[in-house]
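Reader: I am new to this structure. Please take me through a close look at one topic, salt bridges, and set it in its surroundings.

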Amino acid sequence: MSRLNLLEETRYEKLPVTVFPDSTAASNSVAARIAALIRDKQSRGETTVLGLATGATPVKVYKELIRLHKEEGLSFKSVVTFNLDEYFPMQPDAEQSYVTFMKQQLFDHIDIDPANIHIPDGTLAEEDVAQFCINYEQKINSYGGLDLQILGIGRTGHIGFNEPGSAPNSGTRLVTLDDLTRRDASRDFGGKENVPTKAITMGVGTIFKAREIILMAWNLKKASIIKKAVEGTVSAEVPATYLQLSDKVEFILDQDAAAELTRFDTPWLVRDCVWDIQLIKKAVVWLSKTTGKPILKLTEEDYNNNGMAQLATEKGPVYNINIDIFNKLQHTITGWPGGKPNADDSQRPERKDPAKKRSIIFSPHPDDDVISMGGTFIRLADQGHEVHVAYQTSGNTAVWDDDVLRFMEFAIDFNKAQGLDTASLENTYKVSREFIGKKLPNQPDQLAIREVKGLIRKGEAIAGARFAGLPDENIHFQNLPFYDRQKTNSNVSFEDDIQQTIELLRKVKPQQVFAAGDFADPHGTHKVCFDVILAALQRLKGTEAWVDDCWLWLYRGAWHEFEIHEIQMAVPLSPQEVMRKRLAIFKHQSQKDLPVFPGDDAREFWVRAEQRTAETARAYDELGLAEYEAIEAFVRWDF
């Protein structure tokens, strides 16, 4: 691409952005730049001063630096580091401490001099913090300043812990954390109430003094804030926008984090496009929303005035484009998610044959099935398909401790009523109650407590699946090992999870597999569960003939929904079906009112589900299609 074309394509971007296919390639590139800097300064007998970040974003960078040290002789003996921030108060040996993080992810694996490591001190008395911050700044300056500062970005737009409202000339200081930042950290601390309300952070002004600044961001969760940081107006409301004022900064992104930048999200606004059908559908839906007109009322003037003249010229007349996209969207709508028997299926999202299909719904947590596709679940059962549900994990993390004690007390009382001995149960109850009373934030539960939590969710899942119309023999509990294993070990193998899934698929031999494609799940469980299913199907594809006739459908809803142009099957729900779905969700009593990990959406799961499916239905209506009470959406995944 010529420089002129690149400037045109990136004209909405107010600072340099480099996009890599994935976070691994991006991280390796950043690590290579750090290594080159270190080696260059070493060759001149100089010290390299690095500003380092924590969190998930830089982990792969540190992993590659460790590899370069161990396999290619990269030495850190002449490197001095200053970390961006630390929670306050925080003990350095705490699991959540950034001292612990940096040791585990980098320092314990390289030859850096411990005296050259500097991390804000979370153990200070609060009255001593101000002087510490002054000294921290002076120490950075004593080394001649930072050669390179690496950054992540929070969903508030914070860099370091410079939250909205931070000044562009701010120095190292004690700050109050934004509520969203604390919610995002809640899983590491076993609940938001355990997350410190304050932190010590380098200031925006401190960061600006670095001779080079690299901000990294991965995955779709960061896409919206990256768009604001790169294309938005400089504002204290999004501190990362201050980086637009520097000529030393570069954003390094993977494709998902860059997805909402104009050149990727609406490329017709910045360059000529190769118009395949998916891009045309996206553009026409966007134009309809932008103009507030139904698709069939869009005019050539609408196309020309909104950057789509090339599409009108190449594929027009525009009314034919409108008709084609309208029909394609209409053909996604079906009341027969298992296929309509004895019907022409050439324009339908699912096959008509076999008329009665074997379908298996994989649910990462014990309630994702009814929350995200409860209406479709019920309809498949009502229409006579052989529906199975597989609950992939126990979901025991998301149960309140007081529910455990309540259920143990019930078990003791019930056994007493039956005249059974309760000594063992009472001892387990006593030990569990003592443990819960002294439990530290994010401390793994004892086995008995995990088992009770898992049984609570199992009972709820059975009730929900029965309500949807399933016989007990079609309800499967996988309890995939990775779920509990990864609570105490970050280096987890998924081979036994894949093998277990292979065996279930072999047993059912489904024509339809439904899997959660809701990768915005803040726990990361949905993505792992999907990867396990995909690996199992891909392995079976080469050995089992039935897999050739198996379609994989992705559903969403617990955390966010598919975009309209992505949807390939839209299942409309009547008001009565919405109510049946709600009642199925209500079977999950432990997740009602206030779940343990609600994410950053304050609505109850049943409210989220109803409002999101209603929003999808409203979007179809506004495009000029039929008006429904709700729509559950699906995308087919080719494997």
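Author: A salt bridge is counted where a side-chain nitrogen of Lys or Arg lies within 4 Å of a carboxyl oxygen of Asp or Glu. The model is predicted, and by this criterion it holds 43 salt bridges.

A few words on the whole come before the detail. The secondary structure comprises 23 helices and 17 strands. The radius of gyration is 27 Å, close to the 26 Å that the globule rule gives for 639 residues, so the protein is as compact as a globular protein of that length. The C-alpha trace spans about 85 × 80 × 45 Å along its principal axes. Of the 639 residues, 54% count as buried.

Start with D40 and R44, whose side chains meet with an N to O distance of 2.5 Å.

The next pair sits within one helix. R67 forms a salt bridge with E64, and their closest N and O atoms are 2.9 Å apart. Both residues belong to helix α3, which covers residues 59-72; they are three residues apart there, so about one helical turn separates them. Their surroundings can be compared by accessibility. R67 is partly exposed at 28%, whereas E64 is buried, with a relative accessible area of 14%.

The last pair is D184 and R155, which meet in a salt bridge at 2.4 Å, N to O. This pair links distant parts of the chain, the two residues being 29 apart. D184 is in helix α6 (residues 179-184), while R155 is in the loop between β6 (148-151) and β7 (173-176). D184 has a relative accessible area of 39% and counts as partly exposed. R155 falls in the partly exposed class as well, with 28%.

Some charged residues are grouped in another way. E409, D413, D421 and E426 gather in a patch of negative charge on the surface. One of the four, E426, is found in helix α17, which runs over residues 423-438. At 34% relative accessibility, E426 is partly exposed.

For contrast with the charged groups, there is a nonpolar patch on the surface. It is formed by L296, Y319 and I323, with about 240 Å² of accessible area together. L296 lies in the loop between α11 (277-291) and α12 (300-305), and its relative accessibility of 31% makes it partly exposed.

With a relative accessible area of 14%, D445 is buried, since it falls under the 20% limit.

Terms used
Residues are numbered from 1 along each chain as its sequence is written. This is a predicted model: local features need pLDDT of at least 70, side-chain atom pairs count only at pLDDT 80 or more; totals for chains, interfaces and linings use all residues. Side-chain values use heavy atoms; hydrogens and water are left out. Patches are made of residues with over 30% relative accessible area and no salt bridge: like charges are joined within 9 Å, nonpolar side chains (Val, Leu, Ile, Met, Phe, Trp, Tyr) within 5 Å. Accessible areas come from the Shrake-Rupley method with a 1.4 Å probe; for residues, only the protein chains shown count as cover. Lys and Arg count as positive and Asp and Glu as negative; His and the chain ends are not counted. The place of a charge is taken as NZ of Lys, CZ of Arg, CG of Asp or CD of Glu. Buried means under 20% relative accessible area, exposed over 50%, partly exposed in between (1.4 Å probe, protein chains only). The radius of gyration is taken over C-alpha atoms; the globule rule is 2.2 Å times the number of residues to the power 0.38.
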